[in-house]
Amino acid sequence: MANITILGSGGWGTALAVMANRHGHTVTLWSPFEDEIASIRRHGQHKKLLPDIPVEPSIHLTCDIREVSDADLVILAVPSFAIASTAAQLRPYLKKGAVVANAGKGLEEGTYRRFTEVIEGALPGIAAVALSGPSHAEEVGRGIPTVVVSASRDAAAAKRVQELLMNPTFRIYTSSDVVGVELGGALKNVIALAAGICDGLGMGDNTKAALMTRGLAEITRLGVKLGADPITFGGLSGMGDLIVTCGSMHSRNRRAGMLIGGGLSPAEAVERVGTVEGYLVAGTAYHLANKMGVEMPIAETCYRICYENYPPERAVTALMSRPGCQETD
Ligand SMILES: NC(=O)c1ccc[n+]([C@@H]2O[C@H](COP(=O)([O-])OP(=O)(O)OC[C@H]3O[C@@H](n4cnc5c(N)ncnc54)[C@H](O)[C@@H]3O)[C@@H](O)[C@H]2O)c1
């Protein structure tokens with residue numbers, strides 16, 4: 001068994017800590033916020049995000065980043081805007097040989113860097129691992145069978161994460177296509193936001209299925225242009241995550257989209273729901289697609305709804321009225 005430190009005690013970080021602790025590891029859960037840690041300690045659970053999922057006393061709770069120093073595996077589960085700063089904070093304390101994994105999904109705003117690239121920029125010499133796939137925190141916390149993928153340019157690091165975290169309720173495949181795995185995980189959030197908007201507008205199953213399929217097609221187009229293997233997008237971090245995110249009420253992206261489709265402004269919807277990576281990544285995806293010369297009509301429409309006051313009720317008609325083309329173009 002190993003020492004595992006999870007950075008970020010929100011929904012996902014707490015669920016991963018509970019899961020790793022259940023599997024017998026020595027687990028530390030860190031947050032920069034005293035009140036967040038105090039609340040988990042007081043209630044023995046993350047009352048707001050994971051009610052009734054016990055955070056056992058054996059999980060060490062801390063706000064002191066120096067305590068990362070005995071970790072064999074460090075997992076970042078912080079929002080996209082906090083990854084670079086969190087990785088920089090842990091740098092002086094990281095044990096030699098420790099594996100660093102990122103469990104967040106998104107792309108860095110402005111630079112378009114994938115999160116393993118952000119971590120590797122802050123931690124020279126580290127080959128970071130991306131842990132991604134269909135994995136609602138609420139279900140992982142409850143021990144509901146979940147299957148994800150561990151990807152890295154360093155096969156040994158990806159394998160180490162698999163060895164440490166895989167258990168009968170949390171199966172892990174490895175992949176060397178870290179580009180495809182991270183882009184699938186990041187960009188599906190935009191499609192989930194769009195799926196929520198469709199639901200909020202009262203569209204049907206046909207519309208949602210079309211949106212998911214065409215959404216995956218445009219994610220794949222961009223991914224391939226950036227060096228990913230197209231096969232990866234049919235896997236857990238692509239199709240798998242798209243299915244879980246677009247269909248479930250656990251998804252904050254979908255819930256925010258539903259509020260937007262129902263008439264709330266995007267900013268109000270995000271304020272109400274909390275971390276909505278799809279809202280952040282809609283801008284990044286739109287600009288990246290333009291830069292790479294890749295057509296992404298759904299991501300572009302989402303961007304316009306989120307940032308240019310484009311009315312959601314006009315979006316479906318506009319997408320449906322695009323010139324006809326061949327499906328595999
Ligand atoms: N919630 C899920 O089911 C789930 C599943 C898979 C992946 N993810 C991804 O994991 C990431 C985190 O999601 P979440 O749902 O846990 O979010 P969250 O908002 O619930 O929690 C994020 C946590 O990060 C920490 N944090 C916040 N601001 C910080 C800062 N400025 N510096 C350092 N730490 C900070 C806090 O502990 C906070 O609770 C996102 O990228 C999300 O897409 C979430």
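These legends go with close-up views of a predicted model, taking in its domains and its pockets.

Local features here need pLDDT of at least 70, side-chain atom pairs count only at pLDDT 80 or more, and totals for chains, interfaces and linings use all residues. Residues are numbered from 1 along each chain as its sequence is written, and side-chain values use heavy atoms, with hydrogens and water left out.

**View 1. Two domains make up the protein.** Domain 1 covers 3–176 and domain 2 covers 185–320, with bounds from an automatic or database domain assignment. Their centres, taken over C-alpha atoms, sit 25 Å apart.

**View 2. Here is where domain 1 and domain 2 touch.**

**View 3. Lys-105 and Asp-241 form a salt bridge.** Their side chains meet at 2.8 Å, N to O. The rule asks for a side-chain nitrogen of Lys or Arg within 4 Å of a carboxyl oxygen of Asp or Glu, and it finds 1 salt bridge across the interface of domain 1 and domain 2.

**View 4. The largest pocket lies between the domains.** Both domain 1 and domain 2 give residues to its lining, so the pocket lies between them. A pocket is an open set of points on a 1 Å grid over the protein atoms alone, where a 1.4 Å probe fits, with protein on both sides within 12 Å along at least five of seven lines; lining residues have an atom within 4 Å of a point. This pocket holds about 1300 Å³ of space, a volume being the space filled by probe spheres set on the points. It has 50 lining residues, and Gly-10, Gly-11, Trp-12, Arg-252 and Thr-275 lie nearest its centre.

**View 5. The second largest pocket has a volume of about 640 Å³.** Lining it are 26 residues, with Arg-214, Ile-298, Leu-319, Met-320 and Arg-322 nearest its centre. Helix H8 (205–225) is among the elements that give two or more residues to this lining, and its 6 residues are the largest share; helices are DSSP runs (H or I, at least four residues), numbered from the N terminus.
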